[in-house]
Every structure is written in C-alpha cells, then in structure tokens.
Amino acid sequence: MTVSPELRTPVPASPQLLRSVFRQHAAGVAVITASGGKPVGFTATSLNSVAAEPPLISFGVSTSSSSWPVVAEAAHIGVHILAEDQADLAATFARSGADRFGPDTDWHHGPEGVPVLGGVVAWLVCRVVARVPAGDHRIVIAQVEVGDPAGGGRPLLYHEGRFTALRD
C-alpha cells in the first residue's frame, strides 16, 4: 500500500533531499568533452535541449570538477549520448582521477579540436555561448554546430544511483 503524500511529513530542503528525489528521476547519460592543451571530459545527467532555433543545449558542471577549468575557457564542447552498453565508459568519465582518454577509450580529435568519443548513440560539437552561475555549479549553454545522430542503439540511463537501460 502506498502512503498518500499528504500523510507524510515533508523533509526540509538540503543537498541530501535533492539527491534523494533525483535518484527517482531517470536521466539520460552523456559525456561532455573539451580540449585545452589536453582533453577533458565528465559524465553528465543534466543535459537538456534548450531551443530548436537556434539549436541550443545546456548542462550543469560543478566548479570543483577537474574538468571545469578547461570547460570554463573552452570555445567549443562535445556532447555524447552514451549507448546502453557503455556503462563502463560512463563510470570512467565519472570517476575522479581516472585516465579518461587512455588506450581503453575510443576517441579522436573532431571538429574544432573537440574530443569525439566512438561507439556513442549520437554526438554534437557545440560553441559555448554562456556560462551561468548556479550555486556550486555553472550551467553551460551551447549552440550546436555539427553532429552525428546516426550511431544507433539504445541510450544508457541513470536511475537510483546506477546505470541502467530501457526496458520494453
């Protein structure tokens, strides 16, 4: 039996409350990449389509992320929609101190010198147009310049603290 929300005691706002609620929200998994002398990248579940005309996307990045100094200065970024069999790649790009662009990672320098990952469902290279302060993060807004939507396959999801796949 499910207890009606009106009968439960609300929990005051906190980082833990936000994390607990968003563990219930299934999100697509993307890897954001940039280049600034050396390639950087991180796993993101905050990717959003912002506008169709002009084509804009957004994502959040922590200012304490090791990738932030490069993303903070990058003119262009890569956006990669991961396939359901790429949970290991997502974990690598989520793990602090990991060799994200090591020999086990399929990637190449793409348009504008942006690192482009192989085997993904789809990818974009975008020009950064804004970095908006948002607490301990920045919301990056970028305009799509080029991409490839034809990688095929099903997307990787993140739900309840783990990577998962769509179920029919």
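A search of the whole structure, which is a predicted model, finds two salt bridges. One of them joins the side chains of R154 and E84, and E145 forms a salt bridge with R127. The largest nonpolar core has 18 residues, and a second, separate core has 14.

**Salt bridges**

- In the pair formed by R154 and E84, the N to O distance is 3.8 Å.
- For E145 and R127, the closest N and O atoms are 3.4 Å apart.
- This pair links distant parts of the chain, with E145 in strand β10 and R127 in strand β9, 18 residues apart.
- E145 has a relative accessible area of 41% and is therefore partly exposed, while R127 is partly exposed at 33% relative accessibility.

**Nonpolar cores**

- In soluble globular proteins, nonpolar side chains tend to be buried together.
- Within the largest nonpolar core, the residues that touch the most other members are I32, A34, F42, I57, F59, I77 and V140.
- At least two residues of this core come from each of β2 (30–36), β3 (38–44), β5 (55–62), α2 (68–73), β6 (76–81), β9 (122–134) and β10 (137–148).
- Apart from neighbours within four places in sequence, A34 is in contact with P39, V40, V70, V71, A74, H76, I77 and P115.
- L89, A90, F93 and L117 are among the members of the second, separate core.

**Surroundings of T33**

- T33 is situated in strand β2 and counts as buried because its relative accessibility is 1%, under the 20% limit.
- When neighbours within four places in sequence are set aside, the contacts of T33 are V40, G41, I77, G78, H80, F101, V114 and P115.
- The T33 side chain also reaches the backbone oxygen of P115, at 2.6 Å.
- T33 and V116 are separated by 83 residues in sequence, yet their C-alpha atoms are 7.5 Å apart in space.

**Surface patch**

- A nonpolar patch on the surface is formed by L18, V21 and F22, which together have about 300 Å² of accessible area.
- L18 is part of helix α1 (residues 15–22).
- With a relative accessibility of 51%, L18 passes the 50% limit and therefore counts as exposed.

**Backbone features in loops**

- The peptide bond from E53 to P54 is cis, and its omega is near -5 degrees.
- P54 is located in the loop between β4 (48–52) and β5.
- E112, although not a glycine, has a positive phi of about 60 degrees.
- The position of E112 is in the loop between β7 (107–109) and β8 (115–117), and E112 counts as exposed because its relative accessibility is 55%.
- E160, another residue other than glycine, also has a positive phi, near 50 degrees.
- E160 lies in the loop between β11 (156–159) and β12 (162–165); its relative accessible area is 47%, so E160 is partly exposed.

Terms used: Residues are numbered from 1 along each chain as its sequence is written. This is a predicted model: local features need pLDDT of at least 70, side-chain atom pairs count only at pLDDT 80 or more; totals for chains, interfaces and linings use all residues. Side-chain values use heavy atoms; hydrogens and water are left out. A nonpolar core is a set of buried Ala, Val, Leu, Ile, Met, Phe, Trp, Tyr and Cys residues joined through side-chain atoms within 4.5 Å. Buried means under 20% relative accessible area, exposed over 50%, partly exposed in between (1.4 Å probe, protein chains only). Helices (H or I, at least four residues) and strands (E, at least two) are DSSP runs, numbered from the N terminus. Contact means heavy atoms within 4.5 Å. Patches are made of residues with over 30% relative accessible area and no salt bridge: like charges are joined within 9 Å, nonpolar side chains (Val, Leu, Ile, Met, Phe, Trp, Tyr) within 5 Å. Accessible areas come from the Shrake-Rupley method with a 1.4 Å probe; for residues, only the protein chains shown count as cover. A salt bridge is a side-chain nitrogen of Lys or Arg within 4 Å of a carboxyl oxygen of Asp or Glu. A polar contact is a pair of N or O atoms within 3.5 Å; within protein, one must be able to donate a hydrogen and the other to accept it, and residues adjacent in sequence count only if both atoms are side-chain atoms.
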